[in-house]
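This briefing goes through the charged side-chain pairs and the strand layout of the structure shown below. Please keep the view open while reading.

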Amino acid sequence: MKILVFDDNLFFVTRLDAALRQAGHEVRLASAAEEANTALKEGPDAAVVSLHAPGALEFVRSASENGIPVAAYCGHAEVELRRQAKEAGAGVLLSNSDLPAALERALRHITGAGGRPAE
């Protein structure tokens, strides 16, 4: 799958990039909202976004409105931020600590196990 990762934290981006590539995905990294929104036009199969990146909720909303499934992540105790992401259209929410281990399963869940979900 073609996965767009939007995060402004180099530590998480490096971990996600390595994990996704090892799983056989094509990865497009974006560290700013403008770059992430431009990358949406390339038609990724899914997006993975840090809810702490500036403009993240607006990006989640835009991706969802364009039919791109979103896996979002933040701290497990950030209840309000998680609620806002769900309302914006995030298909799955992960905690930062669960991200590496749960990401592949989350991507299969939001994309229907291989691509965009069936309409």
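A residue counts as buried under 20% relative accessible area, as exposed over 50%, and as partly exposed in between. On that scale Glu42, at 49% relative accessibility, is partly exposed. The model is predicted. A search of the whole structure finds four salt bridges. Side chains of opposite charge can pair when their charged atoms come close.

- Asp17 and Arg21 form a salt bridge, with 2.6 Å between the closest N and O atoms.
- The two residues are four apart in helix H1 (residues 10-22), so about one helical turn separates Asp17 from Arg21.
- Asp17 is buried, because its relative accessible area of 18% falls under 20%.
- Arg21 is partly exposed, at 44% relative accessibility.

**Salt bridge between a loop and a strand**

- Glu42 and Arg28 meet through their side chains in a salt bridge, at 3.3 Å from N to O.
- Glu42 sits in the loop between helix H2 (33-40) and strand E3 (46-50), while Arg28 belongs to strand E2 (residues 26-30), so this pair ties together parts that are 14 residues apart in sequence.
- Arg28 has a relative accessible area of 29% and is partly exposed.
- Arg28 also takes part in strand pairing, as the bridge partner of Leu4 in E2.

- Glu87 forms a salt bridge with Arg83, and their closest N and O atoms are 2.4 Å apart.
- Both residues lie in helix H4 (residues 79-88), four residues apart, which means that about one helical turn separates them.
- Glu87 is exposed, with a relative accessible area of 58%, whereas Arg83 is partly exposed at 36%.

**Sheet and a helix across it**

- Five strands make up an open sheet with parallel pairing, in the order E2-E1-E3-E4-E5.
- E2 and strand E5 (92-95) are the edge strands, each pairing on one side only.
- On average, neighbouring strands of this sheet are turned by 20 degrees against each other, direction ignored.
- Strand E1 (residues 2-6) pairs with E2 in the parallel sense over five bridges.
- Helix H3 (residues 56-65) lies across E1, E3 and strand E4 (70-74).
- The angle between H3 and E3 is about 165 degrees.

How values were computed
Residues numbered from 1 in each chain as written. Predicted model: local features only at pLDDT ≥ 70, side-chain atom pairs only at ≥ 80, totals over all residues. Heavy atoms only, no water. Buried < 20%, exposed > 50% of the residue type's maximum accessible area, 1.4 Å probe, protein only. Pairing = 2+ DSSP bridges. Axes fitted to C-alpha atoms, helices over the stretch in contact; angles between N-to-C directions. Contact = heavy atoms within 4.5 Å.
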